[in-house]
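Here is a brief report on the structure shown below. It takes the ligand contacts first, then the metal site and the core.

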Amino acid sequence: MASESCIFCKIVRGEAPAAMVFEDEHTLAFMDIFPVTDGHTLVVTREHAENVFEASREVLEAVAATAKRVAHALRDTLAPEGLMVFQLNGAAAGQTVFHYHMHLMPRAAGEPLLLHTRVPGDPQRLASLAETLARHVAR
Ligand code: 5GP
Ligand code: ZN
């Protein structure tokens with residue numbers, strides 16, 4: 001059930017902005033507004049489901065397919081040394097937005113293993129990354 005106040009539902013409805021990379025029937029991919037590393041991207045379900053337990057298997061399969069596309073686009077464009085793909089369920093696990101999403105986070109060797117930051121990304125950088133990734137994802 002979509003939530004009026006849910007920030008990701010607002011992005012899905014087009015009521016809040018996002019640097020969009022990809023959209024299909026079940027998923028959207030857009031840049032994380034507080035990127036831990038350059039290229040930090042989220043894959044979000046179109047339907048509101050709070051976590052892995054609430055989301056349907058069909059939707060989670062679609063998330064995996066979109067994550068795979070975005071992973072290749074990140075590798076093609078940024079060539080990171082590593083790519084962290086993760087997803088948090090429940091406040092105790094560190095979840096802060098209670099609408100299912102997967103993180104794709106390019107990583108370099110030796111960087112601290114951070115899950116979050118409070119530093120907003122440069123909007124121009126997020127927009128240009130989204131544009132570049134969108135072109136590669138569409139290939
Ligand atoms: P969680 O901790 O729930 O796994 O991750 C939530 C993520 O959503 C965080 O990385 C946070 O930076 C990101 N985020 C929070 N609000 C917004 C927003 O309004 N737009 C975008 N693009 N990302 C957001
Ligand atoms: Zn939602």
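## Ligand 1 contacts

In this predicted model, an oxygen atom of ligand 1 is 2.5 Å from an N or O atom in the side chain of Asp 32. The side chain of His 116 also takes part: one of its N or O atoms lies 2.4 Å from an oxygen atom of ligand 1. Met 31 uses its backbone instead. A backbone N or O atom of Met 31 is 2.9 Å from a nitrogen atom of ligand 1.

How much of the accessible area of ligand 1 does the protein cover? On its own, ligand 1 has 520 Å² of accessible area, and the protein covers 90% of it. The surroundings of ligand 1 comprise 17 residues. Asp 32, Thr 96, His 101, His 103 and His 116 are the closest.

## Zinc site

Ligand 2 is a zinc ion. Which residues coordinate it? Two cysteines supply SG atoms, Cys 6 and Cys 9, and two histidines supply ND1 atoms, His 48 and His 99. The distances run from 2.0 to 2.3 Å. Angles among the four donor atoms are 104 to 117°, and the site is tetrahedral. Along the chain, the donors follow the spacing C-x2-C-x38-H-x50-H.

The histidine pair links distant parts of the chain, 51 residues apart. His 48 sits in the loop between strand S3 (41-45) and helix H2 (57-78). His 99 sits in the loop between strand S4 (82-86) and strand S5 (101-107). Are these histidines buried or exposed? The cut-off for buried is under 20% relative accessible area. His 48 has 15%, so His 48 is buried. His 99 has 0%, so His 99 is buried too.

## Nonpolar core

The largest nonpolar core has 22 residues. Val 21, Met 31, Val 43, Val 70 and Leu 104 touch the most other members.

Which element gives the most? H2 does, with six residues.

## Ala 73 in helix H2

Ala 73 is found in helix H2. Its relative accessibility is 2%, so Ala 73 counts as buried. Ala 73 and Glu 131 are 58 residues apart along the chain. Their C-alpha atoms are separated by 11 Å.

Definitions and conventions
Residues numbered from 1 in each chain as written. Chains lettered and ligands numbered in written order. Predicted model: local features only at pLDDT ≥ 70, side-chain atom pairs only at ≥ 80, totals over all residues. Heavy atoms only, no water. Donors = N, O, S within 2.8 Å, 3.2 Å for Na, K, Ca; no water. Tetrahedral: all angles 85-135°; square planar, octahedral: opposite > 155°, others 65-115°. Helix = DSSP H or I, 4+ residues; strand = E, 2+ residues; numbered from the N terminus. Buried < 20%, exposed > 50% of the residue type's maximum accessible area, 1.4 Å probe, protein only. Near = heavy atom within 4 Å. Polar contact = N/O pair within 3.5 Å; in protein donor to acceptor, adjacent residues only side chain to side chain. Areas by Shrake-Rupley, 256 points an atom, 1.4 Å probe, with all protein chains shown as cover. Core = buried A, V, L, I, M, F, W, Y, C linked by side-chain atoms within 4.5 Å.
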